[in-house]
Amino acid sequence: MNLRLGMLCVLLTISGTAVAAAAAKEPQPLLVIHGGAGVQRAGLSAEEERAAREALRSALLQGHAELKAGRPALAAVTRAITVLEDDPTFNAGRGAVFTHDGRNELDAALMEGATRRAGAVAGVQRVRNPILLAQAVMAHSAHVMMVGQGAEAFAAEQGVALVDPSYFRTEKRWQQLQRALQEERAGQAHAELETARHFGTVGALALDAAGTLAAGTSTGGMTNKRYGRVGDSPILGAGTWADEGCAVSGTGWGEYYLRTAAAHEICARVRLAGASAAQAGREVINEMIPALGGDGGAIVLTAKGEIGLPFNTEGMYRGWIGADGVPHVAIFADEALQPPGQ
C-alpha cells in the first residue's frame, strides 16, 4: 500500500512539474510601441513632454485592452497606432509633417507574422487613420499595397473614415515647413534635427496569447519632401516586418532603412543567428545603418517575449506593457526602461 502511494505521489509530482513547465512556456501577451526617434531634450517643452508620455501610456493601455480581451495581436497593434495617429504630438495622422508643396502625405503598413498577411498604403491625403486602411487592404483585397487616389477610393468603398486634408494640419508642423523652405532658399543647412533628419514615425508590435506576432507602422514622412517620395514605413522588410519569431517597426532616416532592408535584417539575425532582440536590433540600428550615414531607431519583439529598443539619437518615444497591464514609457536615452522578465 505504501509503495503504491509512493509511486502515485511521484507520478503526480512529475505530472505537476510537466504542467507547470508547459504553463511557463505559454506566451504572455505583450505590446511594444514607439512614437519616433530623433527627440531632442532642448526642443521639447515640459508640456510637450508631458503630453507625449500621456499619449504613449494611453496607446499602451488601449492596445493592451485588446490583448486582455483575447483579441489577436493585429487588433492590439492597430488600436495602439490609431491612438498615436489621432494625437498631434506625433508625425502620423493628425500632426503629420508637410511636404514641399504644403500637403500631408501619409504612409502605413501592417503585417501578421504567422501568416505573413500584410497591407500597406502610401501617399494618402484624406485617410484619417492610415493604419486602418492598411488593415482593410490586408483583409479585403487581393493586394498588399495601394497608393494615392486609388487607395483613397478603396477606403471609401470599405467605409474607412476620410477627412478634409485640413484635419491633419497643426501650426507646429506648418512652421517647421516654413523654416525648412527658408533654409532651402538661403542655401543653409537645416537648423533642426527634426526637420533635417526625417524623424517622427509611430509603430507598434504585439504578441498575443496564441503566440502570434504582428507589426504596424504609420508616418507622415519627412518635412519638405518632394516628388511623391515614399520612405521605409510602408515597405515590408524595410520599416515594417513580422514573421513567426520576430517583429520590427522602425523610425528614422527611411532611405537607409530601405537600403539595408532593416526590419527584415533584424529578424533574419534572430531567426538564422539566434540573436536576441536587443542584440539583433543593436547590430542593425546602431552599427549597420550609421556605417552608411543614417540614423534612427526601432522596436523589436520576439515570440519568446524578448524586446529590443535600439536607437542612436538623443531620444526615442517608446514603451511596453505586459500581462500585468502596467505601462512603462521613456523618451530620452538616459532613461532606463527595464525589459519584461528582468
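Which residues form a disulfide here, and how far apart are their sulfur atoms? Hi everyone, let me start with that one, and keep in mind throughout that this is a predicted model. The pair is Cys246 and Cys267, with sulfur atoms 2.2 Å apart. A search through the whole structure turns up one disulfide. The torsion about the S-S bond of Cys246 and Cys267 comes out at about -75°, so we call this disulfide left-handed. As for where the two ends sit, Cys246 belongs to strand β8, residues 246-252, and Cys267 to helix α9, residues 262-273, so the pair ties together parts that are 21 residues apart in sequence. Are these cysteines buried or exposed? Both Cys246 and Cys267 are buried.

Now let's move to the sheet. Eight strands form an open sheet, and if you want to trace the order on screen, follow β4-β3-β2-β6-β5-β1-β11-β12. The pairing in this sheet is mixed. At the edges you'll find β4, 145-147, and β12, 327-332, each of which pairs on one side only. From one strand to the next, the twist averages 10°.

Strand β1, residues 30-37, runs antiparallel to strand β11, residues 315-321, and six bridges join them. If you'd like a landmark there, Leu31 of β1 stands opposite Ile321 in β11.

On to the helices, and one pair I'd like you to look at. How do α3 and α4 cross? Helix α3 covers residues 73-85 and helix α4 covers residues 130-140; their axes come within 8 Å and cross at roughly 150°. Angles over 145 degrees count as roughly antiparallel, and α3 and α4 are therefore roughly antiparallel to each other. On the α3 side, the contact is made by Leu74, Thr78, Ile81, Thr82 and Glu85. From α4 come Pro130, Ile131, Leu132, Gln135 and Met138. Sorted by class, the contact of α3 with α4 has six nonpolar, three polar and one charged residues.

A quick reminder that helps when reading lists like these: an α-helix has 3.6 residues a turn, so residues three or four places apart point the same way.

Let's stay with α4 for a moment. Which of its residues are buried? They are Pro130, Ile131, Leu133, Ala134, Ala136, Val137 and Met138. And what covers these buried residues of α4? The cover includes helices α3 and α5 (148-158), along with strands β2 (106-112), β3 (118-124), β4 and β6 (213-219).

Thanks, everyone, and I'm happy to take questions.

Terms used: Residues are numbered from 1 along each chain as its sequence is written. This is a predicted model: local features need pLDDT of at least 70, side-chain atom pairs count only at pLDDT 80 or more; totals for chains, interfaces and linings use all residues. Side-chain values use heavy atoms; hydrogens and water are left out. Axes are lines fitted to C-alpha atoms, for helices over the stretch in contact, and angles run from 0 to 180 degrees between N-to-C directions. Helices (H or I, at least four residues) and strands (E, at least two) are DSSP runs, numbered from the N terminus. Angles under 35 degrees count as roughly parallel, over 145 as roughly antiparallel, 65 to 115 as roughly perpendicular and the rest as oblique. Contact means heavy atoms within 4.5 Å. Ala, Val, Leu, Ile, Met, Phe, Trp, Tyr, Cys and Pro count as nonpolar, Asp, Glu, Lys and Arg as charged, and the others, Gly among them, as polar. A disulfide is a pair of cysteine sulfur atoms within 2.5 Å. Buried means under 20% relative accessible area, exposed over 50%, partly exposed in between (1.4 Å probe, protein chains only). Two strands pair if DSSP finds at least two bridges between them.
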